[in-house]
Amino acid sequence: MIRATNKVFAVIGDPIHHSLSPVMQNWMIEYFNLPAVYTAFHVKNENLEKTVEAMRAMGISGLNVTVPHKEAVLPFVNEIADDTKMLKAANTLKNVNGVIKAFTTDSYGFIESLGKNRQRFDNSSVVMFGAGGAAKSIAYALAKLKVKSVTVLDIDQQRVDHLSKQCSAYGISQVTGLLSQQQDLTFLKDTDVIINTSPVGMYPNIQACVIDDFSMISDRHFVYDLVYNPGKTKLLAEAEKQGAAIQNGLEMLIFQGLESLRIWMDNKDLILSKDALTELKQIMMAELLRDE
């Protein structure tokens with residue numbers, strides 16, 4: 001039951017109608033029996049500062065921040081966590097008596113989602129497709145996972161150069177930046193991990209794929225696609241046929257959201273059981289199918 005004493009959380013973005021965060025967060029709020037409620041606000045860029053001011057004025061306890069506001073919101077907050085300073089982007093705001101604190105949980109969500117596959121990253125070679133906003137958090141996570149090398153591929157040279165420099169700044173010693181449309185991808189056969197951080201293959205363009213020839217993919221590979229709609233993209237389906245281990249981005253979404261909830265509630269003991277995680281994933285996939 002919603003009461004006047006409930007904490008209020010929300011996600012802000014432009015657009016926002018497609019967001020799964022309200023479904024996900026309200027399910028977790030009920031699962032953990034927390035005195036809170038979660039909604040969504042469509043916020044245009046020109047109203048971003050006013051939104052943070054309203055967060056203070058109305059006592060909104062926490063906000064998730066999504067595209068296109070993750071970087072633009074930082075000038076309007078009071079305190080910025082160290083990793084958020086490094087990434088220059090925030091996806092979580094916390095209101096502590098009018099002091100707005102900025103955090104980033106995307107990198108954590110990626111690492112936590114790996115489970116047993118986390119061991120694959122130690123001293124590994126990684127190829128990352130896409131050098132946009134999501135790629136920054138993944139690159140930061142790769143540094144924490146102590147990968148040996150990262151190759152960045154994107155269609156935009158400026159983004160490739162920028163992300164390559166950031167990878168080096170995060171502490172990754174071997175970084176290569178390449179224009180994806182100019183590359184013979186046969187070097188993938190010697191790669192350990194392949195990650196798609198781009199929207200290529202996302203619904204409704206489900207036949208699109210960052211790789212055309214899968215003959216170099218084998219059971220030595222781990223292929224991770226941040227796209228989770230469809231649940232198995234063409235990239236993942238074709239890689240699986242070649243024997244590769246695969247994973248989509250749905251658990252990353254869940255774990256970054258769970259970490260936001262922990263921050264807001266000051267409770268690191270909020271942990272989803274295996275059965276609860278399975279149930280939540282099923283609910284979110286059903287929601288995606290309902291919206292198609």
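Tutor: Start with asparagine 97, which is exposed, with a relative accessible area of 79%. Keep in mind that this is a predicted model.

Student: Where is asparagine 97, and what is its phi?

Tutor: Asparagine 97 sits in the loop between strand 5 and strand 6. Its phi is near 55 degrees, a positive value in a residue other than glycine.

Student: Why point that out?

Tutor: Because most residues other than glycine have a negative phi.

Student: Which loop holds aspartate 266, and is that residue buried or exposed?

Tutor: Aspartate 266 is in the loop between helix 8 (250-265) and helix 9 (274-291). Aspartate 266 is exposed, at a relative accessible area of 64%. Its phi is positive too, about 55 degrees, although it is not a glycine.

Student: Which residues does the cis peptide bond with omega of about 5 degrees join?

Tutor: That bond joins aspartate 14 and proline 15. Proline 15 belongs to the loop between strand 1 and helix 1 (21-31). Another cis peptide bond, with omega of about 10 degrees, joins tyrosine 203 and proline 204. Proline 204 is in the loop between strand 10 and strand 11. For context, most peptide bonds are trans.

Student: Switching to helix 2. Which of its residues are buried?

Tutor: Helix 2 covers residues 48-58, and Leu48, Thr51, Val52 and Met55 are buried.

Student: Why are they on the same side of helix 2?

Tutor: They cover an arc of only 100 degrees around the axis, so they fall on the same side of helix 2. As a rule, an α-helix has 3.6 residues a turn, so residues three or four places apart point the same way.

Student: What do they pack against, and what is on the face turned away?

Tutor: The buried residues of helix 2 pack against strand 1 (7-13), strand 3 (62-65), strand 5 (92-96) and strand 6 (99-103). The face turned away from the buried side carries the exposed residues Lys50, Ala57 and Met58.

Student: And what follows helix 2?

Tutor: Glycine 59, with a positive phi near 70 degrees.

Student: Now the largest nonpolar core. Which members touch the most others?

Tutor: That core has 29 residues, and Phe110, Phe121, Met128, Leu142, Val150 and Ile195 touch the most other members. Elements that each supply at least two of its residues include helix 4 (106-113), strand 7 (125-129), helix 5 (133-144) and strand 8 (149-154). Helix 5 gives the most, with seven residues.

Student: What does methionine 128 contact, leaving aside neighbours within four places in sequence?

Tutor: Its contacts include Ala135, Ile138, Ala139 and Leu142, and also Val150, Val152, Leu163 and Ile195. There is also a second, separate core of 27 residues, which includes Leu250, Phe255, Leu270 and Leu277.

Student: Last topic. How much space lies in the second largest pocket, and how many residues line it?

Tutor: About 290 Å³ of space, with a lining of 14 residues. Glu71, Gly132, Lys136, His162 and Gln166 lie nearest the centre of this pocket.

Student: Which elements give two or more residues to that lining?

Tutor: Helix 5 and helix 6 do. Helix 6 provides the largest share, seven residues.

Student: What is the lining like by class?

Tutor: The lining of the second largest pocket has five nonpolar, five polar and four charged residues.

Methods
Residues numbered from 1 in each chain as written. Predicted model: local features only at pLDDT ≥ 70, side-chain atom pairs only at ≥ 80, totals over all residues. Heavy atoms only, no water. Core = buried A, V, L, I, M, F, W, Y, C linked by side-chain atoms within 4.5 Å. Buried < 20%, exposed > 50% of the residue type's maximum accessible area, 1.4 Å probe, protein only. Helix = DSSP H or I, 4+ residues; strand = E, 2+ residues; numbered from the N terminus. Contact = heavy atoms within 4.5 Å. Arc of directions from axis to C-beta. 1 Å grid on protein atoms, 1.4 Å probe; cavity = no way out; pocket = protein on both sides within 12 Å on 5 of 7 lines; lining within 4 Å. Points joined across faces, edges and corners; volume = space filled by probe spheres on them. Nonpolar A, V, L, I, M, F, W, Y, C, P; charged D, E, K, R; others polar.
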